Amino acid sequence: MIYGFFGSIPGCPHNRGNHALRGNGKTLSLTFIGYLDAKRGRHVISNYKTSFSEFVPVEEIARMVVEENIRDTTILITEMQVYLNSLGVNSTDLKEFIGSVVGQSRKRNTDIHYDTQRYGDIHPRLRVQTDRAFLPRKFHRNGEACSLDRCKEDHIIYLFQHDPYLNDEVIRLNAGAFTDLYNTDEIISVPKKKPKRRKAEG
């Protein structure tokens, strides 16, 4: 399965209201799903450090995926748009990576879950192959939507499913209960852009 966790999804009814775009619980939701898999005994790797997964840089994850050197694993990739942008828009490398992601998830029992700020930041080829698109929303304990990225109050994350659409949240997460799973202040390294492939001279 391929899951995407988005900060905003244009046209989604759950997107309405006074909510924060950043700091709204996407990486927490992504991490929680991976944590559930780890508790079930599944191997989990991620491009950011967690208490339960094996840390692997995103370039190495991509190499493993393209070379089909991975199976029976859950992959967590935060800030997916950063890696896709490093490959170049509509490049051969981008198409190869997305094709491999789809193939791995279908044939080698590998689940690939990612997060990104905006729905439109993800290449259409990957969006159309994403099995579930989730939109987390951050609320104060009194039920009011939180509009601050760095709000210090306690929060509940409502995880809504946009595609296929469900009206009610699928999970409610007490954000404070999972702070030990990962470092929310970790800065994800930006992959170097791959050089453009030269066309063969005729």
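1. Contact, in this note, means heavy atoms within 4.5 Å. Among contacts in this chain between residues at least 6 apart in sequence, 70% join residues at least 24 apart. A word on the ground rules: this is a predicted model, where local features need pLDDT of at least 70 and side-chain atom pairs count only at pLDDT 80 or more, while totals for chains, interfaces and linings use all residues. Residues are numbered from 1 along each chain as its sequence is written, and side-chain values use heavy atoms, with hydrogens and water left out.

2. Now the overall layout. The chain has five helices and eight strands, taken as DSSP runs numbered from the N terminus (helices are H or I, at least four residues; strands are E, at least two). Along the sequence they come in the order β-α-β-β-α-β-α-α-β-α-β-β-β. Of the 202 residues, 50% count as buried, where buried means under 20% relative accessible area, exposed over 50% and partly exposed in between (1.4 Å probe, protein chains only).

3. On to the inside. A nonpolar core here is a set of buried Ala, Val, Leu, Ile, Met, Phe, Trp, Tyr and Cys residues joined through side-chain atoms within 4.5 Å. The largest one has 29 residues, and I75, M80, F97, Y114 and L126 touch the most other members. Strand 1 (2-8), helix 2 (58-66), strand 4 (73-77), helix 3 (80-87), helix 4 (92-107), strand 5 (110-118) and strand 6 (132-140) each give two or more residues to this core. There is also a second, separate core of 18 residues, with F134, L159, L181 and Y182 among them. As a rule, nonpolar side chains in soluble globular proteins tend to be buried together.

4. Which residues does L126 contact, leaving aside its neighbours within four places in sequence? They are M80, L84, I98, V101 and Y114.

5. Just after helix 3, G88 takes a positive phi of about 95°.

6. Rings of Phe, Tyr and Trp (its six-membered ring) count as a pair if their centres lie within 6.5 Å; planes under 30 degrees apart are stacked, over 60 edge-to-face and the rest tilted. The whole structure holds ten aromatic pairs. One of them is F5 with F134, stacked at 5.1 Å centre to centre and 20° between the planes. This pair links distant parts of the chain, with F5 in strand 1 and F134 in strand 6, 129 residues apart. F5 is buried at 0% relative accessible area, and F134 is buried at 7%. Ring pairs also bring Y3 into a cluster with F5 and F134.

7. Stacked or edge-to-face for Y48 and Y182? The pair is edge-to-face, because the ring centres are 6.1 Å apart and the planes are at 80°. Y48 is in the loop between strand 2 (43-46) and strand 3 (54-55), while Y182 is in the segment after strand 8 (171-174), 134 residues apart. Y48 is buried at 2% relative accessibility, and Y182 at 15%.

8. Then there's the largest pocket, with a volume of about 1100 Å³. For the record, a pocket is found on a 1 Å grid over the protein atoms alone: it is an open set of points where a 1.4 Å probe fits, with protein on both sides within 12 Å along at least five of seven lines, and lining residues have an atom within 4 Å of a point. Its lining has 31 residues, of which G23, D149, Y182, T184 and D185 are the closest to the centre. Helix 1 (26-39) gives the largest share, three residues. The lining divides into nine nonpolar, eleven polar and eleven charged residues.

9. Last, some backbone spots to check. Most residues other than glycine have a negative phi, and most peptide bonds are trans. The peptide bond from D163 to P164 is cis, with omega near -10°, and P164 is in the loop between strand 7 and strand 8. D72 has a positive phi near 50°, and N109 has one near 55°. D72 is partly exposed at 36% relative accessible area, as is N109 at 43%.

Note on methods. Points joined across faces, edges and corners; volume = space filled by probe spheres on them. Nonpolar A, V, L, I, M, F, W, Y, C, P; charged D, E, K, R; others polar.
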